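Try each task before you read its solution.

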Amino acid sequence: MMMVNAKLALLLVSVAAFGYLQTALAYSEGAPLEVCTDLMPQHGAPAQTKESPYTLTLNRKSVKGGESMTLTLASKDFSKFKGFIIQARDSNDKPIGSFTSLPASKNNAEFKGKWKLISCPDGPTNNTATHANAVEKSRVVLTWNAPKNLEGQSLKFKYTVAKNGGEYWVGKESESVSVTKKN
């Protein structure tokens with residue numbers, strides 16, 4: 001009887017560990033579509049409330065329809081991060097524009113394989129960038145493309161950064177980007 005209980009206990013622990021490992025591995029390959037709206041990782045730990053050590057820097061403060069922007073996600077204090085998700089949002093808080101598959105001017109090994117694109121609902125294809133693996137990153141450089149018909153509104157980039165599975169900052173916002181008319 002004691003041997004059966006020990007085997008049953010070992011089986012239960014193994015199943016629980018396998019389930020936890022499967023969840024951890026799934027998120028290590030990028031954010032799932034379930035987080036597209038609130039950008040909240042489903043890691044089981046609460047989001048950080050202290051100031052984020054990470055910042056999203058934009059190469060310009062205004063954009064015209066059809067133009068591209070370069071975004072750099074990096075640490076303020078040289079700490080590394082494992083995960084992220086970034087979207088441009090319009091005034092209705094919907095995903096807008098799209099990311100390109102590789103940074104336009106950074107076609108090298110430093111950025112290759114660090115991130116991937118996903119298509120969240122209520123937006124165009126490739127409207128969201130997320131991590132492709134759990135390898136520590138010091139920075140990520142992305143190229144975002146404004147829709148050709150973009151006019152007369154402002155937008156912001158919303159992002160979440162995970163230092164690790166238990167320490168992350170959710171729904172941070174970039175400075176506002178103004179949209180200027182095409183000539």
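**Exercise 1. Pairing at a sheet edge**

Which residue in β3 is the bridge partner of Leu56?

Before the steps, a word on the source. This is a predicted model, in which local features need pLDDT of at least 70 and side-chain atom pairs count only at pLDDT 80 or more, while totals for chains, interfaces and linings use all residues. Residues are numbered from 1 along each chain as its sequence is written, and side-chain values use heavy atoms, with hydrogens and water left out.

Step 1. Find the strands. Helices (H or I, at least four residues) and strands (E, at least two) are DSSP runs, numbered from the N terminus. The protein has one helix and eleven strands, and the helix comes at the start of the order α-β-β-β-β-β-β-β-β-β-β-β.

Step 2. Look at the pair. β1 and β3 (residues 68–75) run antiparallel and are joined by five bridges. Two strands count as paired if DSSP finds at least two bridges between them.

Step 3. Read off the partner: Leu56 bridges to Leu73 in β3.

Step 4. The order β1-β3-β8-β5 describes an open sheet of four strands with antiparallel pairing. β1 and β5 (98–99) are at the edges with a single partner strand each, so one side of each has no neighbour in the sheet.

**Exercise 2. A covered strand**

How many residues of β4 are buried, and which strands are joined to β4 by bridges?

Step 1. Count along the strand: seven of the seven residues of β4 are buried.

Step 2. Sort the side chains. Gly83, Ile85, Gln87 and Arg89 point one way, while Phe84, Ile86 and Ala88 point the other way.

Step 3. Follow the bridges. β4 runs antiparallel to β9, with seven bridges, and Ile85 has Thr160 as its bridge partner in β9. β4 also runs antiparallel to β7, with three bridges; here Ile86 is partnered by Ala129.

Step 4. Look for the core. A nonpolar core is a set of buried Ala, Val, Leu, Ile, Met, Phe, Trp, Tyr and Cys residues joined through side-chain atoms within 4.5 Å. The largest one has 28 residues, and Leu71, Phe84, Ile86, Phe99, Trp144 and Phe157 touch the most other members. Among the elements that give two or more residues to this core are β3, β4 and β8 (139–145), and β9 gives the most, with four.

**Exercise 3. Two backbone angles**

Leu39 and Asn126 have a positive phi without being glycine; is each of them buried or partly exposed?

Step 1. Take Leu39, with phi near 60°. Leu39 sits in the loop between α1 and β1.

Step 2. Check its accessibility: at 1% relative accessibility, Leu39 counts as buried.

Step 3. Turn to Asn126, with phi of about 55°, in the loop between β6 and β7.

Step 4. Compare with the cut-offs: Asn126 has a relative accessible area of 28% and is partly exposed.

Note on methods: Buried < 20%, exposed > 50% of the residue type's maximum accessible area, 1.4 Å probe, protein only.
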